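Me: I am new to this structure and would like to go through it with a few questions. Please show it to me before we start.

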Amino acid sequence: MTMTATAGGKAAPAWRGGFGRLWTAAVVSRFGDSLRTAAMPLLAASLTDDPLLIASVTACGHLPWLLFGLLGGAVADRVDQRRAMWAVDLVRGALMAGFAVAVALGHAGIALLLVLAFALTTLQTLFGNAATALLPSLVPADTLAGANARLMTGQQLAGGLLAAPLVPALLLAGPAVPYAADAATYVLAALLIASLRAGAPERPPRPAGSTLRAEMAEGLAVLRADRSLRWLCTATTLCNIGMGALIATLVVLVTDGLHAGNTGYAATITAFAVGGVAGGFLARRIAERTGRVRAVFLAGTVQTGCLGLLGTVPVLAVSIGAMAVFGFMGTVWNVQQTTLMQERAPEGMLGRIAAAFRTLAVAGAPLGAVLGGAAAAGWGPLTPALLAAALFALAVASLAPLIN
């Protein structure tokens, strides 16, 4: 582990060594993923005009967390997390390369999009939990918040500011180009992670006869027993139902509700990323002034107002501004949430705690995607944003027991 000191005397992780490579791998991978996630809804919209089918692509991208999330966390606590991460990225790179070929040959239908989204997220259940558990072994404990903020800021910068605006130009070069680029970034990220010198972390010995099923149950029990994590998980689950409804139908809201086309859609998601980058720079300072839980409460309250604007004021400029603020507060929320998990998880259990948290939280996203698609089909393209606003308001209310 290495550290540096900021001008204000606060410890921050050093860029050299393991953290710098992990950061670079995360940023490179997010760049490619953002090309894919921005291009895929446009591809889906070109294949069908049914909002429910378009939203189903997003739903399939979340469903594996329900099926395999807890298993991924238990495995992450057993294996060498570094090796698991680079192996997963190589497999995902191969899948994306094959999908790029299918798109280039004109063989990509809605069914293939659904299968790909499901497969990539199935692999992410292991990768994501392993990454969360690996970070504390690369940086000192008192730099975790700064490390998480730097990771999320870099990912937002690469994914939103650099990748999203490129999508229209890349699509002009060929419909398969964004997916081929994503495949290449997976391979590069795998090489960077494989170069980490960190070995398998020391863990307490497992009890004789311990099974994956018992270890998954243990992670759930610890999450349930921790008051702060329990209520934070409840709030995040409600927010993810709302996010599922919003993100699955955002392309419909912008292209149909605002009549802004692909350029308007790119501008909207870019604004979200700009806000996310700014939130990463200020997330630690906000938490220092308010405390971690109060920072989450503030973030959710402001996000609720942003969603209300999206659903009631069908003006592109207003939507861009609302998404920028929404992204800012989203990063503030995510930095505090991740850091709280890493700080409060017992030794050797972070993978399972993160898996239990994510599985319960992400469980709402497929439901939200389907609800958002149905709402857009039944009551118009602005309705999912109002549905998301109501769910975020409930999430903020659920945090009240933690506010003293």
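Me: Which residues touch the most other members of the largest nonpolar core?

Reply: This is a predicted model, in which local features need pLDDT of at least 70, side-chain atom pairs count only at pLDDT 80 or more, and totals for chains, interfaces and linings use all residues. Residues are numbered from 1 along each chain as its sequence is written, and side-chain values use heavy atoms, leaving out hydrogens and water. A nonpolar core is a set of buried Ala, Val, Leu, Ile, Met, Phe, Trp, Tyr and Cys residues joined through side-chain atoms within 4.5 Å, where buried means under 20% relative accessible area with a 1.4 Å probe, protein chains only. Among the 77 residues of the largest such core, those touching the most other members are Phe99, Tyr179 and Leu246.

Me: Which helix gives the most to this core?

Reply: Helices here are DSSP runs (H or I, at least four residues), numbered from the N terminus. With 11 residues, the helix that gives the most to the core is H10, residues 227-257.

Me: Is Ser398 buried or exposed?

Reply: Ser398 is found in helix H16, and, leaving aside residues up to four places away in sequence, Ser398 touches Trp231, Thr234, Ala235 and Leu238, contact meaning heavy atoms within 4.5 Å. Because its relative accessibility is 11%, Ser398 counts as buried.

Me: How do the axes of H12 and H16 run relative to each other?

Reply: The axes, lines fitted to C-alpha atoms over the stretch in contact, come within 8 Å and cross at roughly 160°. Angles over 145 degrees count as roughly antiparallel, so H12 and H16 are roughly antiparallel.

Notes
Axes are lines fitted to C-alpha atoms, for helices over the stretch in contact, and angles run from 0 to 180 degrees between N-to-C directions. Helices (H or I, at least four residues) and strands (E, at least two) are DSSP runs, numbered from the N terminus. Angles under 35 degrees count as roughly parallel, over 145 as roughly antiparallel, 65 to 115 as roughly perpendicular and the rest as oblique. Buried means under 20% relative accessible area, exposed over 50%, partly exposed in between (1.4 Å probe, protein chains only).
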